[in-house]
Amino acid sequence: MAKMIERASGLGAAETAEYLEQKARWEAAWHSRGPRRNEPGSGATDRTISDLPLAPLYTPEDVAHLDLARDLAFPGEYPYTRGIHAGMYRDRLWTMRQFAGFGNAKQTNERYHFLLAQGQTGLSVAFDMPTLMGFDSDQPQSLGEVGKCGVAIDSLRDMETLFQGIDLGAITTSMTINGPAAIALAQYIATAEAKGIPRAALGGTLQADILKEYIAQKEWIFPPRPHVRIIVDMMKFCTSEMPKWNTISVSGYHIREAGSTAVQELAFTLADGFAYVEAAMKAGMDVDSFAPRLSFFFNSHIDFFEEICKFRAARRIYARHMRERYGAKDPRSWMLRFHTQTAGCSATAQQPENNIVRVAYEAMAAVLGGTQSLHTNSMDEVMALPTEKSVEIALRTQQVLAYETGVTSVADPLGGSYFVEALTAEMEDQAEAYFAQIEDYGGVIEAIEAGFFQHEIADASYRYQRSLETKERVIVGVNAFEKEELASDIDLLKIGEEIERGQARSVAAVRANRDAIHVEEALSELKRACRDEERNVMPPLIAAVKALATEGEIVQAMVEVYGRYTERAAF
Amino acid sequence: MSNDRPLRVIVAKAGLDGHDRGAKVIARALRDAGMEVIYTGLFQTPEQIVQTAIQEDVDGIGLSILSGAHMTLFPAVIEQLKAQGAADIVFFGGGTIPADDARELKEAGVREIFTPGAPLSQIIEFVERECGKRRELVG
């Protein structure tokens with residue numbers, strides 16, 4: 001009886017005689033051409049881009065082990081495989097959020113005003129390398145990097161310029177910064193408060209995912225343990241003072257860009273997320289007090305169905321772990337909300353206009369996978385920062401997707417597809433196998449210290465590159481359909497050296513025109529808080545920012561307590 | 001005589017740029033092609049890179065930059081190579097480098113710039129050829 005009920009709620013169809021005959025005919029037809037080899041360069045392969053095996057056809061048998069209620073349920077219901085809202089995009093369209101930042105704060109502010117005028121609904125700040133690594137623009141480490149791949153922010157003054165004329169109480173802002181995330185948050189709070197907007201009214205997201213820095217992106221400052229302590233302090237602070245702020249955006253994007261497979265991106269990102277949950281719970285926080293403000297950030301690569309399945313699997317795994325393993329009771333703690341960016345690493349420098357097409361498919365995969373917000377890359381980002389023209393095309397790509405294609409009308413339109421459900425389940429299983437491996441190391445930090453993730457990713461990226469060399473994988477314009485490159489007529493955005501000089505002058509001016517004793521006191525107080533595990537670093541950080549201590553000075557003070565992290569170089 | 005040794009190459013990352021995917025793939029590919037490869041790890045200064053190159057007696061230096069700082073860091077390495085009397089070392093690189101910049105860098109003495117999508121076989125062939133020539137001259 002129990003078995004019958006299970007079967008009745010499963011996805012597999014009853015195997016009638018007619019069905020079995022059809023199946024036998026199909027198998028005969030498929031095999032009639034003998035064993036198939038995938039000719040290099042043919043496009044069709046028996047593996048996903050991440051090396052997961054693919055059958056030529058999926059049937060009810062492939063999903064017979066799945067249970068409708070347990071594994072799929074309905075959109076807006078545990079385990080959220082089919083999406084986190086009952087009506088998905090009929091309830092709420094995704095947020096079109098283009099990541100932008102370059103040069104100095106004034107230039108980026110102008111780009112923000114442009115993007116908002118084009119109909120963009122949220123801001124997303126890209127910082128330059130010195131800012132991301134905790135250096136001021138005039139430090140020797142910053143030479144040649146100022147304003148190049150994001151905006152240079154040295155002190156509160158720059159943050160104020162960045163948001164000039166923008167109502168921080170009315171928009172949401174995402175800040176992609178990790179090592180110095182707490183400092184950026186302090187600057188943002190101080191900027192808003194100077195305009196009379198209370199911190200409790202601020203909405204947005206801080207990336208603040210330091211674990212993936214050690215794993216993939218390599219923008220760290222301190223060693224992992226103190227970094228995680230700072231993040232937990234931020235979670236505590238935001239939980240009590242900034243109810244609308246998303247504290248951590250646990251990011252797989254960079255793991256994928258560093259060369260991981262889709263399964264590695266899925267598994268390592270969720271493992272990082274669970275590590276933050278565990279750290280916060282260990283620090284005495286109730287899981288339901290902070291989990292609803294955690295969010296995720298994934299890559300959308302070019303293997304269309306694999307990406308859709310990755311997003312669906314991520315929601316199911318997260319919901320299950322949050323409820324079963326961490327005992328979360330609030331449904332909002334079970335929901336994996338995520339931002340997606342199309343894969344920078346899938347773009348090509350050859351025939352760059354083709355990137356517009358790639359981005360469109362990747363964006364569609366993200367939407368069919370149920371993303372909450374989306375950044376579409378610009379065609380020229382493989383060569384330089386995007387121009388206004390190419391950013392506009394990227395945004396229009398989302399608008400065409402949202403308003404013309406009809407993909408928003410039905411929730412989880414691929415749910416129930418034998419292929420999509422089978423691959424979703426397969427990716428979930430493989431992610432669980434990775435969690436077990438990470439557990440064997442003793443946890444995420446221990447696995448980082450052992451170089452486990454770094455090695456797995458380097459292996460995968462080398463395998464992938466090899467598959468391009470042998471043409472097992474085709475990239476149009478790169479290893480197939482190449483054409484003699486004429487000098488590209490695409491305009492590129494260039495950041496001149498005058499930005500660096502100007503920024504160096506302005507940070508020097510800030511230092512010259514402030515109360516030096518006040519700054520020194522604020523930094524000493526910050527160091528005391530860093531040494532004392534019982535204290536929270538956020539209030540002294542905000543005080544230091546308001547005293548006009550620069551980012552480089554604040555980081556230096558904290559390095560005196562925590563030291564700097566160095567990685568063992570290996571390939 | 002010394003020409004029997006395998007070619008030795010440094011793969012280097014400079015500045016604040018943490019994008020090491022390409023550098024690691026190139027390092028492995030050159031190693032698999034039979035060369036001795038030294039990977040510097042991240043965040044090296046041009047001085048450190050050239051010092052390592054001289055100490056390790058390498059034939060070539062490959063510098064990877066994806067942060068946009070290439071117009072500062074490539075020339076700084078060239079300057080160091082000249083200052084240390086090591087300008088015979090084959091200096092090449094890669095990353096997100098626009099064509100105009102690549103041209104300018106090649107005029108300044110960078111032997112080749114590889115951009116995303118460059119086949120590994122082409123990079124290996126270049127390194128074998130150019131570093132081999134250098135080995136014949138220098139011994």
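Modeller: A nonpolar core is a set of buried Ala, Val, Leu, Ile, Met, Phe, Trp, Tyr and Cys residues joined through C-beta atoms within 7 Å. Buried means that 20 or more other C-beta atoms, placed from the backbone, lie within 10 Å of the residue's own. This is a predicted model, where local features need pLDDT of at least 70 and side-chain atom pairs count only at pLDDT 80 or more, while totals for chains, interfaces and linings use all residues. Residues are numbered from 1 along each chain as its sequence is written, with chains lettered from A in the order in which they are written.

Colleague: How many residues does the largest nonpolar core have here?

Modeller: In general, nonpolar side chains tend to be buried together in soluble globular proteins. Here the largest core has 201 residues, and those with the most contacts inside it include A:Ile231 and B:Val9. Helix H11 of chain A (residues 262–282) gives the most, 13 residues. Helices here are DSSP runs of H or I, at least four residues long, numbered from the N terminus.

Colleague: What is A:Ile231 in contact with, beyond its neighbours within four places in sequence?

Modeller: Contact means C-beta atoms, placed from the backbone, within 7 Å. A:Ile231 is in contact with A:Ala208, A:Ile210, A:Ile248 and A:Tyr276.

Colleague: And how should I read helix H13 of chain A?

Modeller: Look at burial: 16 of the 22 residues of H13(A) are buried, so this helix is largely enclosed by the rest of the structure. Just after H13(A), A:Gly327 takes a positive phi of about 70°.

Colleague: How many residues does each chain bring to the contact?

Modeller: Chain B brings 28 residues and chain A 34. On the chain B side, H1(B) gives the most, with 5 residues.

Notes
Buried ≥ 20, exposed ≤ 12 C-beta atoms within 10 Å, placed from the backbone. Helix = DSSP H or I, 4+ residues; strand = E, 2+ residues; numbered from the N terminus. Contact = placed C-beta atoms within 7 Å.
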